[in-house]
Amino acid sequence: MAVNIIELISQRLDPLMECILKIYSRMSKQTTTGINESEKQSGSGDTTLAPASVIMKIQLTVAIACLATFLLSCNSQPGSAGKTAQSTKTSISIDTPQSFLKNYGVNDNNHLFVFVGEKISVTPLPHERGLMDIGFIAKYSIIKKVYGHFAADTIEFVAYDHYGTPAFSKFKNVLLYVSADSGMYYHQKYLYNDVYKTKDGRWAGPYAQEDYEDVYNKRTKIKPINIDFSERAAYPTRIVDEQGKQQGFAYPEPYYKTKGDSAFIIYGNYIEELFSLKRTGVLTIRGLFEATAEQEEDMVESWQPEPPKNATWP
């Protein structure tokens with residue numbers, strides 16, 4: 001390595017030194033010629049340089065300056081620029097999910113993958129500068145695929161949440177909705193259904209009130225049904241928050257039955273219907289599916305102000 005550097009310096013330095021010597025030699029000759037001509041004309045020993053020699057003197061000064069610059073640049077440590085660029089690159093990428101998230105291939109642009117998953121881990125990402133949401137890396141084993149193609153039996157994806165830890169991470173099994181971008185998967189923000197095993201060996205979740213009330217689902221034919229779960233499917237009616245304050249929750253009947261401090265799920269839907277409600281509702285609003293003409297009409301109608309009660313129209 002040292003030999004190569006010396007050869008490189010020699011290759012670049014030799015032509016520069018040769019140029020300086022030629023300029024100096026020409027200046028010497030020009031100076032002598034200028035002196036002789038001056039003596040002939042004035043008969044004196046005036047040694048003022050001729051204009052051509054002045055130009056050569058400037059050229060010599062420039063050449064020496066270039067040599068000095070070259071020598072000073074050699075004092076910098078080899079690879080320092082590369083290290084600086086690499087350090088800058090690292091400092092930029094360290095705050096992005098790409099540094100931590102598994103990439104399944106740049107050609108994987110699956111617009112939607114829906115699956116029943118079981119939590120393996122959910123860990124926070126280093127906070128991105130200027131981002132109001134908190135990022136998390138979630139890793140789930142895939143229990144059942146509902147929509148879309150995904151080859152592996154486990155999946156990693158990024159989830160962003162404005163309020164803290166994603167709500168879906170509080171449940172053992174959830175119906176999750178993720179989308180790929182250049183090989184990396186991202187959670188469809190806030191979308192999930194906690195699900196439980198049923199006595200007939202299927203997966204089902206509780207009455208999805210928000211999905212039923214979605215304006216795009218105004219004409220849905222899906223109805224909540226009575227579900228027999230094979231495992232405990234209930235929510236606490238009282239909790240103590242992070243500030244130590246007790247909070248109470250009420251769950252609507254007949255969809256839930258409250259016993260003590262728990263509200264047990266009575267009515268709900270199987271995962272296929274839960275996904276269908278999301279598909280025709282919020283996922284269509286987000287642009288993942290195309291709305292029908294009837295859905296567009298319902299949306300426009302929902303924007304119209306309600307007439308006041310007991311109003312008399314002309």
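Two elements are in contact when heavy atoms of one lie within 4.5 Å of heavy atoms of the other. With that idea in hand, look at helix α5 in this predicted model: α5 lies across β7 and β14, and it runs at about 90° to β14.

## A helix across a sheet

Let's stay with α5 for a moment. This helix covers residues 271–280, and its buried residues are I271, L274, F275, L277 and K278. Where do the buried residues of α5 fall when you look down its axis? They sit within an arc of 155°, so they line one face of the helix.

Now turn to the strands under discussion. β7 and β14 belong to an open sheet of 4 strands, in the order β6-β7-β14-β8, and the pairing is antiparallel. At the edges stand β6 (196–197) and β8 (225–226); each has a single partner strand, so one side of each is left without a neighbour in the sheet.

Inside this sheet, β7 (residues 203–206) and β14 (residues 267–270) are joined in the antiparallel sense by 3 bridges. G205 has N269 of β14 as its bridge partner, and A204 stands opposite Y270 in β14.

In α7 (residues 293–303), Q295, D298 and M299 are buried. They cover an arc of only 100° around the axis, which puts them on the same side of α7. What do the buried residues of α7 pack against? They pack against α5 and α6 (282–285).

## Strand β3 and its partners

Next comes β3, which spans residues 154–161. This strand is mostly covered, with 6 of its 8 residues buried. On one pairing, β3 runs antiparallel to β2, and 8 bridges join them; here F136 stands opposite A159 of β3. β2 and β3 make a hairpin with 6 residues between them, and G148 in the turn has a positive phi of about 90°. On another pairing, β3 and β5 (residues 184–194) run parallel and are joined by 2 bridges. In that pairing, F157 has Y185 of β5 as its bridge partner.

| Strand pair | Direction | Bridges |
|---|---|---|
| β2 and β3 | antiparallel | 8 bridges |
| β3 and β5 | parallel | 2 bridges |
| β7 and β14 | antiparallel | 3 bridges |
| β12 and β13 | antiparallel | 4 bridges |

The last pair in the table belongs to an open sheet of 3 strands, ordered β9-β13-β12, with antiparallel pairing. Its edge strands are β9 (234–236) and β12 (256–259), each pairing on one side only. Neighbouring strands of this sheet are turned by 25° against each other on average, direction ignored. As one example of the pairing, K259 has S262 of β13 as its bridge partner.

## What gathers inside

In soluble globular proteins, nonpolar side chains tend to be buried together. In this model, the largest nonpolar core has 26 residues, and F113, F115, Y140, I155, F157 and Y185 touch the most other members. The elements that give two or more residues to this core are β1 (113–124), β2 (134–147), β3, β4 and β13. Which element gives the most to this core? β4 does, with 4 residues.

## A serine in a loop

Finally, find S169, in the loop between β3 and β4 (173–181). Is S169 buried or exposed? Its relative accessible area is 6%, and buried means under 20%, so S169 is buried. A polar atom of its side chain lies 2.6 Å from the backbone oxygen of P166. Not counting residues up to four places away in sequence, S169 touches K119, V122 and Y140.

Technical notes:
Residues numbered from 1 in each chain as written. Predicted model: local features only at pLDDT ≥ 70, side-chain atom pairs only at ≥ 80, totals over all residues. Heavy atoms only, no water. Buried < 20%, exposed > 50% of the residue type's maximum accessible area, 1.4 Å probe, protein only. Arc of directions from axis to C-beta. Pairing = 2+ DSSP bridges. Axes fitted to C-alpha atoms, helices over the stretch in contact; angles between N-to-C directions. Polar contact = N/O pair within 3.5 Å; in protein donor to acceptor, adjacent residues only side chain to side chain. Core = buried A, V, L, I, M, F, W, Y, C linked by side-chain atoms within 4.5 Å.
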